[in-house]
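Here is a short report for a reader new to this structure. Take a look at the sequence and the model before reading on.

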Amino acid sequence: MCGIVGYLGHREAYPIVIEGLKRLEYRGYDSAGIALFDGENLKVSKTKGKVADLEALSEKEITKSGNIGIGHTRWATHGVPNDVNSHPHVSNSGELVIIHNGIIENYESLKQELISRGYVFHSDTDTEVLVNLIEDVKKQENIKLGKAVQIALNQVIGAYAIAVFDKTKPEEIVIARLGSPLAVGIGENEFFIASDASPFLEYTKNAIYLEDEEMAIIRFHKPIKVRKIKDDSLVAPYIQELQLNLEQIEKGGYEHFMLKEIHEQPKAITDTYRGRLLRNEAIIKMAGIEDNMKKFLNANRIIIVACGTSWHAGLVAEYIFEDLARIPVEVEYASEFRYRNPVITENDILIAISQSGETADTLAAIKLAKSKGAFVFGVCNVVGSSIARETHAGAYTHAGPEIGVASTKAFTTQITVLTLIALRLSRAKGTISSSDFRTHLLELEMIPKKVEKALESDSHIKMIADIYKDAPNCLYLGRGYNFPVALEGALKLKEISYIHAEGYPAAEMKHGPIALIDENMPIIVIATKKGHYEKVVSNIQEIKSRKGKIIGIVTEGDVDVRKLADHIIEVPDTLESLSPLLTTIPLQLLSYHIAVLLGKNVDQPRNLAKSVTVE
Ligand code: F6R
């Protein structure tokens with residue numbers, strides 16, 4: 001959470017930092033701030049609100065010149081979002097200025113210690129404690145900033161990505177990382193610092209990603225120096241060439257990133273299976289699986305850990321793995337798994353699913369499983385992310401950058417990767433016949449075209465959204481493979497429209513939620529032909545008798561549900577195991593249109609952040 005940006009070089013820092021913050025707003029957007037050194041003075045401008053509010057404030061407050069600057073867009077952890085708690089934070093002497101993403105867990109004891117030495121605090125943040133701790137160490141020991149940062153960080157418990165500079169020595173920025181991502185763009189006599197590479201894509205394609213427990217000193221006209229925070233040893237920085245381009249992180253004519261990303265799904269799914277699904281040869285090739293096939297074949301069980309939407313993809317995978325590959329699967333919320341002393345053995349495989357590859361709870365679950373000897377496989381979207389690096393092997397989803405806070409293409413591409421894995425393993429285990437295997441490959445290859453077809457219902461869905469946008473509650477029902485889709489549909493609605501919604505297995509409805517049903521309750525029922533169609537039709541009858549409003553997600557040409565439902569939305573026919581890739585689409589569009597009609601900020605819903613790097 002929180003996005004950080006910094007610049008040191010020959011250009012004006014202000015526009016680079018501001019534009020960079022706009023690109024990182026997906027990481028947090030409850031307050032924003034910037035610090036610039038204009039050659040004489042340190043100028044700090046910060047405010048509750050979005051980067052646009054900061055820009056408006058900077059017009060009045062800040063001299064926008066200076067070649068060194070840092071900026072921050074916040075998702076509050078310590079202290080409510082207000083002007084004072086916004087970053088950057090300045091030390092008591094007014095010399096040091098810092099931006100921070102993460103949490104300093106022992107901040108209270110450090111703060112008391114500093115107070116006893118005369119330090120005064122203005123905000124409720126852990127970050128203000130950190131900058132004063134650095135100042136205190138620097139002054140006490142009479143040492144340079146880099147060394148002071150290192151000593152201070154060795155006293156800190158928690159997670160951080162920081163950038164700090166000293167206005168009395170405005171030719172260097174010190175950065176450090178533990179548990180929160182930090183990239184450095186290397187240009188010609190200039191450096192860019194950011195939580196991800198998007199703020200500096202138009203300036204340089206060369207970047208270094210700091211590893212956990214590393215810090216770097218960035219100086220004008222000097223090569224970057226990377227060190228281990230613990231023992232001060234020098235690390236040779238690995239400069240990688242970025243594959244990302246600017247177009248991928250822009251809206252491309254769509255009103256919102258979320259809508260763009262919904263419409264990108266045919267391409268994203270194709271990119272996910274490209275080079276892996278070889279239909280003519282009737283094989284699936286995935287290096288991460290081939291190299292570890294023995295482990296997969298000998299595994300007692302697969303444990304899937306993830307959070308939010310990625311957890312829902314894990315639930316879909318549970319059905320696929322058990323159904324096709326006959327491997328027992330457990331799906332766990334990473335946040336629960338890590339704290340409940342789970343039984344893990346060396347014969348278990350842990351699959352961690354994460355779009356961002358930075359989710360703190362998922363990372364912690366991985367570390368726990370590794371410590372118990374399990375083999376850990378990652379399914380991530382962001383290349384080079386912490387989870388991608390922390391796992392023994394993995395498969396990228398290749399969905400391209402997902403910027404809308406509500407996950408859409410991440411979900412369908414995660415399911416695609418997991419389906420490929422399940423199919424590959426079922427072939428290796430002999431739990432699928434060769435003709436069924438071929439049918440799956442053929443059907444999977446046709447999914448992008450069918451997603452395109454499902455997207456054609458957009459205006460029909462918008463009309464339905466208009467009818468139900470004022471409903472205070474909503475129920476989503478599905479069975480089998482489509483139960484997790486019901487959960488995902490409900491999550492999408494909650495997070496962007498703030499309407500209370502719940503997903504349930506359709507048959508479970510009569511054990512409680514049925515009491516909620518009256519003529520005002522919209523119920524979205526996934527009732528595609530394959531699977532438990534007749535059973536779901538019976539559930540629809542039960543809703544009908546209680547006057548609930550039914551929106552059926554059905555297979556093209558459906559007759560039975562059409563007779564019962566108030567509205568139907570058709571999706572193309574496919575195999576039951578692949579149906580989540582299609583039934584998800586209308587649910588994404590329904591949430592999107594309801595949120596837009598209600599005037600909500602679709603791409604940046606309140607209280608949320610795209611990348612949850614705190615536990
Ligand atoms: C929902 C959403 C979140 C994420 C969750 C996990 O639309 O975006 O629920 O799915 O925070 O994030 P990743 O997949 O990055 O680990």
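V305 has A352 in β20 as its bridge partner. The model is predicted. Strand β18 (residues 301-306) and strand β20 (residues 348-354) run parallel and are joined by 5 bridges.

Both strands belong to an open sheet of 5 strands. The order is β19-β18-β20-β21-β22, with parallel pairing. β19 (329-333) and β22 (393-396) stand at the edges. Each has a single partner strand, so one side of each is left without a neighbour in the sheet. On average, neighbouring strands of this sheet are turned by 20° against each other, direction ignored.

| Helix | Strands touched | Direction angle |
|---|---|---|
| α10 (residues 308-325) | β18, β19 and β20 | about 175° with β19 |
| α14 (residues 409-429) | β20, β21 (375-380) and β22 | about 140° with β21 |

Next comes a loop. Where does G252 lie? G252 is in the loop between β15 (240-241) and α6 (257-263). Is G252 buried or exposed? Its relative accessibility is 62%, so G252 counts as exposed; the cut-off for exposed is over 50%. G252 and F375 are 123 residues apart in sequence. In space, their C-alpha atoms are 40 Å apart.

One annotation remains. An unreviewed UniProt entry gives "domain: Glutamine amidotransferase type-2" for residues 2-221. That span, residues 2-221, is 26% helix and 34% strand. Its end C-alpha atoms lie 29 Å apart.

How values were computed:
Residues numbered from 1 in each chain as written. Predicted model: local features only at pLDDT ≥ 70, side-chain atom pairs only at ≥ 80, totals over all residues. Heavy atoms only, no water. Helix = DSSP H or I, 4+ residues; strand = E, 2+ residues; numbered from the N terminus. Buried < 20%, exposed > 50% of the residue type's maximum accessible area, 1.4 Å probe, protein only. UniProt positions renumbered as here; feature names shortened; annotations may be inferred. Pairing = 2+ DSSP bridges. Axes fitted to C-alpha atoms, helices over the stretch in contact; angles between N-to-C directions. Contact = heavy atoms within 4.5 Å.
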